[in-house]
Every structure is written in C-alpha cells, then in structure tokens.
Amino acid sequence: KLDKLFGTTKTVASLKKNYKLPQPTMANADLARIINSDEVQTRLRPVAVNTHKRTFKQKKNPLKNLSAMLELNPYAKRVANSRQAAHNKNRGLKAVERRTRSKARFAAMTN
C-alpha cells in the first residue's frame, strides 16, 4: 500500500503523479565509522589548543591613562612634562615664600 502511495526509489508512485522517493545521499550512513576512519583523520587539521580569543577589550580613558592618551596624541607627553615642570617650579617657589613669611612672623614676634 505504501509503495502505491509513495513509490520506491526506482519506481514512480501510482497514486501520485510523477512522485518518486528521493535517493539516499549516502550509501553508508555509519557516520561515526566514516569520521573516525584513517582516510578522513589524515586529512583533518590537528586540534587547536588555546584558541580562545578575548572578545572584549576594556576601553582606557585617555584623560586618566597616559599611554592611551599617547596613542591618540603623541604631543601629550611633552605637554604633561611641561605641566609637571611648571607645577614643581611653582611648588618650590611657594615653599620658599612660606618659609620667608614664617621667618618674618617669628622675627616680628620675638622682637
């Protein structure tokens, strides 16, 4: 009854118009045996070890991270150095001024 309805791989179905069962694509469907065979295994690439790639890289803030800023603006190093030198110079002057003021106050208090 099924052969009349669907036919076989070689004969057309009698109850349907020009319908024939599709041919199987594989003659041997034992995939595990085929994949593990020596012929297939010799053609495969070796198993890769440690292929995990990091997909997310934390973005660095260039205003806080000097190396990130240097990637964007190489001149930033010179600006940072000059700003630091000016800060050190001003800081030194302020310390000297503070010392002289305190010495002057101390001298005024003792006289």
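Of the 111 residues in the protein, 5% are buried, where buried means under 20% relative accessible area, exposed means over 50%, and partly exposed lies in between (1.4 Å probe, protein chains only). The model is predicted, so local features need pLDDT of at least 70 and side-chain atom pairs count only at pLDDT 80 or more, while totals for chains, interfaces and linings use all residues. Residues are numbered from 1 along each chain as its sequence is written, and side-chain values use heavy atoms, with hydrogens and water left out.

**Overall form**

The secondary structure consists of 5 helices and 0 strands, in the order α-α-α-α-α along the sequence. The radius of gyration is 43 Å, well over the 13 Å that the globule rule gives for 111 residues, so the protein is more spread out than a compact globule. That radius is taken over C-alpha atoms, and the rule is 2.2 Å times the number of residues to the power 0.38. Along the principal axes, the C-alpha atoms fill a box of roughly 130 × 40 × 30 Å. Helices (H or I, at least four residues) and strands (E, at least two) are DSSP runs, numbered from the N terminus.

**Accessibility of selected residues**

| Residue | Relative accessibility | Class |
|---|---|---|
| Leu-15 | 61% | exposed |
| Asp-30 | 34% | partly exposed |
| Thr-55 | 81% | exposed |

**Surface and contacts**

Leu-15 sits in the loop between helix 1 (2-6) and helix 2 (31-35). Together with Leu-2, Leu-5, Phe-6 and Leu-21, Leu-15 makes a nonpolar surface patch of about 440 Å². Patch members have over 30% relative accessible area and no salt bridge; nonpolar side chains (Val, Leu, Ile, Met, Phe, Trp, Tyr) are joined within 5 Å, and like charges within 9 Å. The areas come from the Shrake-Rupley method with a 1.4 Å probe, and for residues only the protein chains shown count as cover.

Lys-16 lies over the face of Tyr-19, at 4.7 Å from the ring centre. The criterion is NZ of Lys or CZ of Arg within 6 Å of the ring centre and within 35 degrees of the ring normal.

A search of the whole structure gives 1 salt bridge, defined as a side-chain nitrogen of Lys or Arg within 4 Å of a carboxyl oxygen of Asp or Glu. The side chains of Asp-30 and Arg-33 meet in a salt bridge at 3.3 Å, N to O.

**Thr-55**

Thr-55 is placed in the loop between helix 3 (38-43) and helix 4 (66-72). Thr-55 is 19 residues from Pro-74 in sequence, and their C-alpha atoms are 27 Å apart in space.
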